[in-house]
Amino acid sequence: MTNTDSDNSREWAAQAYALLKKRQEDQKQELKKQEDQKQELKKQEDQKQELKKQEDQKQELKKQEDQKQELIDNSSKENISVPSKTIAETKLGEFDDNFTWSAMVLAAQGKKINQISIDEIDWLTKLRRGLEETRKGFVTELLDKLGDDPLTPESLDDLETLLIRADVGIDSTDRVISALRTKLNEEVLGGEAGIKFLKKELKIIIDKPIVNSGVDILVPQKGKLNVWLLVGVNGVGKTTTLGKLAYLSSKSNYKTLIAAADTFRAAAVEQLKVWGERSNVDVISNQSKNADPAAVVFDAINSAQKRNVDLLLVDTAGRLQTKNNLMDELAKIKKIIDKKVPDAIIESLLVLDASQGQNGLKQAKSFAKSANLTGAIITKLDGTSRGGVSLAVSEEVNLPIRFIGAGEGIKDLRPFNSYEFVEAMLADK
């Protein structure tokens with residue numbers, strides 16, 4: 001990027017920042033105006049009530065009015081006291097390199113200045129920070145070695161080592177290096193051009209299973225019951241991820257329901273109830289110890305049909321006595337779904353912890369053989385040096401990545417965007 005391009009990018013980002021700041025201030029002023037009006041109306045109402053009391057000479061009517069006022073007061077308290085369902089608004093941060101980079105990523109995807117939201121900027125900033133460790137041990141080292149010199153066969157050997165270290169996987173690494181060698185036979189590539197070509201190749205790898213699936217972004221289909229089974233071993237963040245999916249779905253105006261079918265872990269059921277309250281989504285569960293997961297799903301489907309639910313999210317067991325038991329349990333759940341709602345759209349989404357690297361890849365291969373997976377959700381990208389496992393899952397398991405998580409907050413799970421992911425993974429220092 002030339003100095004002129006950099007100056008233009010920063011100027012564009014500065015305009016976007018100023019617009020967002022003004023929008024935030026306008027919203028603050030509007031809220032203050034509404035609060036002032038509310039206070040004035042309350043004051044007028046209080047005066048009106050006082051006059052009525054003074055004019056009202058009959059004790060019985062006064063008593064009734066007091067009772068009515070007491071009911072109003074209690075109702076107001078009940079409406080206000082719901083902190084568990086209140087999600088804090090995202091605040092605009094500083095105008096810094098993270099903001100500028102995030103704004104440029106959005107602009108490259110066709111966003112206009114007035115279309116950029118604070119939530120989008122906040123998410124991209126978290127994604128970039130989350131992949132910082134991967135980037136430090138990968139792009140930074142690569143750029144330091146290359147400098148301004150053209151790529152050479154020796155620098156490709158270094159790149160191969162860095163890709164494998166970032167858990168990109170053998171197959172993905174071979175494909176990228178092979179493409180770069182072919183490119184070098186055709187023309188001389190400098191460091192910046194090499195990074196640009198690398199981004200293109202990595203995006204192709206991640207996009208392939210998504211394109212093959214025929215679905216760019218996974219969303220519930222209206223008019224049918226969508227059942228998403230979340231599978232994965234304990235400890236990868238499966239239950240937490242389901243809670244965040246419930247929030248995302250509910251916020252997107254889909255009627256959502258949760259089935260707490262991980263009945264072998266009591267904490268999972270209680271954890272889901274907390275997430276359900278925060279997302280304003282009901283949870284169907286069975287309080288009996290070691291209840292039958294398929295029975296919970298059966299009850300949840302009945303409830304979903306009565307309520308015309310769009311999306312039923314099912315938390316499944318992450319560990320049973322043996323792998324066969326786990327897969328048998330999943331098969332039993334699917335059988336219930338097929339029998340109760342044969343036209344339901346079923347997704348089996350594997351939740352993987354990015355920090356587990358090659359262990360995560362092994363889990364993906366194992367589940368893919370017996371669980372009829374349709375996609376993957378990559379969690380815990382914040383602070384891991386192994387973000388490259390996403391590429392290995394795409395190339396070696398042929399699983400489309402549907403969502404990624406880069407934070408602990410309820411908003412820190414988003415639909416996967418390959419362009420944003422690769423840009424964050426290979427962002428300049």
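Which handedness does the crossing of α9 and α10 have? The crossing is right-handed, meaning the near helix is turned clockwise from the far one by less than a right angle. This is a predicted model, where local features need pLDDT of at least 70 and side-chain atom pairs count only at pLDDT 80 or more, while totals for chains, interfaces and linings use all residues. Residues are numbered from 1 along each chain as its sequence is written, and side-chain values use heavy atoms, with hydrogens and water left out.

**Helix pairs**
- Helix α9 (residues 238–251) and helix α10 (residues 266–279) have axes (lines fitted to C-alpha atoms over the stretch in contact) that come within 9 Å and cross at roughly 20°.
- That makes α9 and α10 roughly parallel (angles under 35 degrees).
- Contact here means heavy atoms within 4.5 Å, and α9 brings residues including T239, L242 and Y247 to meet, among others, L272 and W275 of α10.
- Over at α7 (residues 170–186) and α14 (residues 389–396), the axes come within 8 Å and cross at roughly 90°, so this pair is roughly perpendicular (65 to 115 degrees).
- I170, D171, S172 and R175 of α7 meet L391, A392, E395 and E396 of α14.

Definitions and conventions
Axes fitted to C-alpha atoms, helices over the stretch in contact; angles between N-to-C directions. Helix = DSSP H or I, 4+ residues; strand = E, 2+ residues; numbered from the N terminus. Parallel < 35°, antiparallel > 145°, perpendicular 65-115°, else oblique.
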